[in-house]
Amino acid sequence: MLDIQLLTAISPIDGRYRNKVDGLALYFSEYALIRYRVMVEVEYFIALCDLPLNQLQGFEKRKYDALRKIYKEFKLEDAERVKSIEAVTNHDVKAVEYFIKEQFDAIGLDAYKEFIHFGLTSQDINNTAVPASLRDAVHDVYYPLLEELIGQLDQMASDWRDIPMLSKTHGQPASPTRLGKELKVFVERLNTQLALLKSIPISGKFGGATGNFNAHHAAYPEVDWAAFGNKFLNEHLKLEREQLTTQISNYDNLAATFDNFKRINTIMIDLCRDFWTYIMMEYFKQQIKKGEVGSSAMPHKVNPIDFENAEGNLGIANAVFEHLASKLPVSRLQRDLTDSTVLRNIGVPIGHTVLSIKSIQKGLSKLLLNESAIKQDLEDNWAVVAEGIQTILRREGYPNPYEALKELTRTNSVINARSIAEFVETLAVSDSVKEELRMLTPHTYTGINLY
């Protein structure tokens, strides 16, 4: 079997593109999952000490720091030790419990180690560790990257705020717009969805084998375990506790998060396709980097590969997000194991999304505005002022203005500044109205600046 290296990895995320998404390994690798599980177990033990249970009242709080070092200083060798235990137990979460018990032995806390994983099921660990890792990855990696992209687009929208541009609806010339405004549309869409994403609760399941704190209540019926669980998740793990669950999380908030990711990615696909088309229309040229080639056969080509790569990776990400969102909330009775397999893939669509955002940023940074091509396209499409002319004529009570402009423009004849001017002269309107109509050009008929 080949050693796992960049060139032998099956997934391009772990191979070809690893250097672009390497930071995500701290949140979504097998090592990361084990570390987050250890964190939950340790914090749970500390929370039990704070309750306090009678058997833990003698535990010295000054030792909390030593306990937290177990996960804060968690090394690759520690993860390997957990995996070696798992090879015997054939249970990944039980292996974490045994690993922590070894650590308790090492620091002289063996008298307390039976309160590690006390009353819990593996899903109390998984359904808190995974949301915590996703929360941290989104906060540390995804939000800064997406906000940087939005800022980049916002700056471009500001720089090109006053540049008139021909619109294309149905692929055909339409009422002119401004280049900056069209970019600002994407800024607003992304900001709106980002705000929605941030509003979705990051929640977890914590309630024992089938969600009712059965074992906890049997051992300590005097304790309000639901209140304990709420406080533990809120204060120790910074999560919201799902109040009524089966053995596993309801996953509805997680599904909403993945649906939101998918909407943001869909907006970015729309952005990529627009810029790809603008480049094809020569509204933009691209910076040429010495030594690069655009085609193995055609030396003249400078391809919009960054937007194409982004679009492809966003499509893959959305396919996985779609499965995660539709599968995770569905489980047979109180629990089946399908969620466990699926949850291990959360990092895959996040990785493809991060890769896509970086590709879009790179593509945007290479753009060179070709203002002459934009102006020429406007000049070649004087028919687009027909909307403005007929609307002013409607205001004046002119008979059948739409039909008159349709007769003029809906032909295969060339419509230019001269033909529009000649048409205006034939109109039975006042000189002031004619002057108003003459002011309409493809370069000036751009509406109001909305930002």
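Here is a working chat about salt bridges, surface charge and a few backbone details in a predicted model.

User: Let's start with charge pairs. How many salt bridges are there in this one?
Analyst: The count comes to 33 salt bridges. Keep in mind that the model is predicted.

User: Which residues are linked in a network of salt bridges?
Analyst: Glu30, Arg37, Lys83, Glu86, Asp92 and Arg344 are linked that way. Within that group, the side chains of Lys83 and Glu86 meet with N to O at 3.0 Å.

User: How far apart are Lys83 and Glu86 along helix α5?
Analyst: About one helical turn separates them, because they sit three residues apart in helix α5.

User: And is Lys83 buried, exposed or partly exposed?
Analyst: Lys83 has a relative accessible area of 33%, so it is partly exposed.

User: What about Lys184, which side chain does it meet in a salt bridge?
Analyst: That would be Asp154, with the N to O distance at 2.5 Å. This pair links distant parts of the chain: Lys184 belongs to helix α8 (residues 179-199) and Asp154 to helix α7 (residues 122-159), 30 residues apart.

User: How accessible are Lys184 and Asp154?
Analyst: Lys184 is at 25% relative accessibility, so it counts as partly exposed. Asp154 is partly exposed too, with a relative accessible area of 31%.

User: Changing topic: which residues gather in the patch of positive charge on the surface?
Analyst: Arg16, Lys20, Lys289, Lys358 and Lys362.

User: Where does Lys289 lie, and why does it count as exposed?
Analyst: Lys289 lies in the loop that runs between β5 (284-286) and α12 (305-327). It counts as exposed because its relative accessibility is 56%, and the cut-off for exposed is over 50%.

User: What is phi of Asn90?
Analyst: Near 55°, which is a positive value in a residue other than glycine. Asn90 is placed in the loop between α5 (76-89) and α6 (92-106). With a relative accessible area of 70%, Asn90 is exposed.

User: And phi of His170?
Analyst: That one is near 60°, again a positive value in a residue other than glycine. You'll find His170 in the loop between β1 and β2 (172-178). His170 is exposed, since its relative accessible area is 80%.

User: Is Ser167 buried or exposed?
Analyst: Buried, because its relative accessibility is 15%. Ser167 is in strand β1 (residues 164-169).

User: What does the side chain of Ser167 reach?
Analyst: The backbone oxygen of Ser175, at 2.8 Å.

User: Last one, where is Lys262, and how far is it from Val320?
Analyst: Lys262 is in helix α11 (residues 252-280). Lys262 and Val320 are 58 residues apart in sequence, but C-alpha to C-alpha they are 9.3 Å apart in space. Lys262 counts as partly exposed because it has 22% relative accessibility.

Methods: Residues numbered from 1 in each chain as written. Heavy atoms only, no water. Patch = residues over 30% accessible without salt bridge, like charges linked within 9 Å, V, L, I, M, F, W, Y side chains within 5 Å. Areas by Shrake-Rupley, 256 points an atom, 1.4 Å probe, with all protein chains shown as cover. Salt bridge = Lys/Arg side-chain N within 4 Å of Asp/Glu carboxyl O. Lys, Arg positive; Asp, Glu negative; His and termini not counted. Charge placed at Lys NZ, Arg CZ, Asp CG, Glu CD. Helix = DSSP H or I, 4+ residues; strand = E, 2+ residues; numbered from the N terminus. Buried < 20%, exposed > 50% of the residue type's maximum accessible area, 1.4 Å probe, protein only. Polar contact = N/O pair within 3.5 Å; in protein donor to acceptor, adjacent residues only side chain to side chain.
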